[in-house]
Amino acid sequence: MAATSSRTLRLLSLLQGRRHWGGADLAGRLGVSVRTLRRDVERLRELGYPVEAARGVDGGYALAPGAALPPLVLDDDEAVALAVGLQAAAALEVAGMAETSVRALAKVVQVMPARLRRRVDALRAMTVPAAWGSSSGGGSVDPAVLTTLALACRDAERVTFSYTAAGGTRTERSVEPYRLVSLGRRWYLVGYDLHRGDWRTFRLDRLSGPCGTGARFAPRRFPASDAASFVRDRLVDAPWGIAVEAVVEAPAEVVRSRIGRWATVEDGGPQRCRVRMDADNLDWPATGLAMTGAEFSVVSPPELRDHLREMGRRCTAAADHVVSRAHHSWERQ
């Protein structure tokens with residue numbers, strides 16, 4: 001019975017991870033016959049999971065949407081990612097989002113085994129959210145890399161890893177990790193580089209093979225007020241950093257409520273404010289300023305004006321294209 005229950009959960013996990021499975025392929029993944037697979041599918045249906053079956057050459061199984069959300073089966077990395085995502089959503093200043101996220105987070109954490117709870121707690125304790133973001137495409141980060149570094153930060157354990165610089169040079173690093181910083185769509189590690197003898201930031205999508213050495217270290221004096229400001233200062237000083245400034249014709253509190261997490265907003269009067277952002281390309285500043293829902297004028301850089309014109313042209317073309325397609329669709333009827 002225990003083996004059957006375990007296999008049923010495995011079957012559920014596979015069905016939740018892919019839109020459609022061929023019968024033979026699914027049976028092979030479970031190590032059972034097609035006949036046994038049919039019985040396992042029936043068990044899922046008895047538990048309320050709407051599993052659809054199709055016959056023929058392209059036949060197989062798919063988990064269909066149901067009348068209610070059934071329990072999900074998650075692997076370790078998925079469970080950690082879900083918990084961390086809910087924690088981030090709980091911190092968002094969106095009406096109704098925080099309370100709902102906290103309730104969902106409580107349900108997930110309650111049933112987590114201790115080893116996963118430890119990973120989630122380490123990520124939560126050692127991650128510092130920054131106050132602005134970038135629309136640049138951040139490289140994907142392995143959850144195992146995040147949790148390995150978070151645990152090392154928490155436990156004050158030296159780590160080693162391979163790091164690829166922007167120019168493509170690959171080096172081996174030995175670092176005393178301090179904090180993880182989530183900035184825009186990227187993650188950064190802040191730590192003391194033992195080879196360079198200085199505090200450094202490391203983009204996690206350029207970092208591979210982090211490994212704890214077992215060696216503990218004593219805390220050093222950190223040269224900034226917090227890890228997030230340390231990362232921001234270095235990104236702004238980087239040669240590819242773009243400083244954006246604009247005047248928005250709306251009250252500062254209104255603009256802060258819409259883009260305040262990703263920009264600095266200064267009060268400029270009852271119906272005006274000054275917005276400053278830093279990014280590595282102009283996509284996010286253009287989008288962020290549009291999200292204010294108010295008239296604005298660009299102070300700097302001049303290239304942002306051309307970028308806005310091009311975005312406006314594409315948006316207008318898209319709107320006209322939708323109207324045109326709808327018109328042709330109506331004529332065909």
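**Figure 1. Helices H6 and H7 are roughly perpendicular to each other.** In this predicted model, the axes of helix H6 (residues 114-126) and H7 come within 8 Å and cross at roughly 70°. Here helices (H or I, at least four residues) and strands (E, at least two) are DSSP runs, numbered from the N terminus. Axes are lines fitted to C-alpha atoms, for helices over the stretch in contact, and angles run from 0 to 180 degrees between N-to-C directions. Angles of 65 to 115 degrees count as roughly perpendicular, under 35 as roughly parallel, over 145 as roughly antiparallel, and the rest as oblique. The crossing of H6 and H7 is left-handed, meaning that the near helix is turned anticlockwise from the far one by less than a right angle; clockwise would be right-handed. On the H6 side, Arg-118, Arg-119, Ala-122, Leu-123 and Met-126 meet residues of H7 that include Leu-146, Ala-150, Leu-151 and Arg-154, where contact means heavy atoms within 4.5 Å. By class, this contact of H6 with H7 has eight nonpolar, one polar and four charged residues (Ala, Val, Leu, Ile, Met, Phe, Trp, Tyr, Cys and Pro count as nonpolar, Asp, Glu, Lys and Arg as charged, and the others, Gly among them, as polar).

A word on conventions: residues are numbered from 1 along each chain as its sequence is written. For this predicted model, local features need pLDDT of at least 70, side-chain atom pairs count only at pLDDT 80 or more, and totals for chains, interfaces and linings use all residues, while side-chain values use heavy atoms, with hydrogens and water left out.

Figure 2. Ala-156 counts as partly exposed because its relative accessibility is 23% (buried means under 20% relative accessible area, exposed over 50%, partly exposed in between, with a 1.4 Å probe and protein chains only).

**Figure 3. Strand S12 pairs with both S10 and S11.** Strand S10 (residues 242-248) joins S12 in the antiparallel sense over seven bridges, and Ala-246 stands opposite Val-275 of S12. Strand S11 (residues 264-267) is also antiparallel to S12, over four bridges, with Asp-267 and Cys-273 as bridge partners. Two strands pair if DSSP finds at least two bridges between them. Five residues lie between the strands in the hairpin of S11 and S12, where Gly-269 has a positive phi near 135°. In a regular strand, side chains alternate between the two faces of the sheet. For S12 (residues 273-279), the covered face holds Cys-273, Val-275, Met-277 and Ala-279, and the uncovered one Arg-274, Arg-276 and Asp-278.

**Figure 4. Three strands form an open antiparallel sheet in the order S1-S3-S2.** Strand S1 (21-22) and strand S2 (51-54) stand at the edges, each with a single partner strand, so one side of each has no neighbour in the sheet. Helix H3 (residues 34-46) packs on the sheet and touches S2 and S3, its direction making about 145° with that of S2. Two bridges join S1 to strand S3 (residues 60-63); in one of these, Trp-21 is partnered by Tyr-61.

**Figure 5. A cis peptide bond joins Ser-300 and Pro-301.** Omega is about -5° at this bond. Pro-301 lies in the loop between strand S13 (296-300) and helix H11 (303-332).
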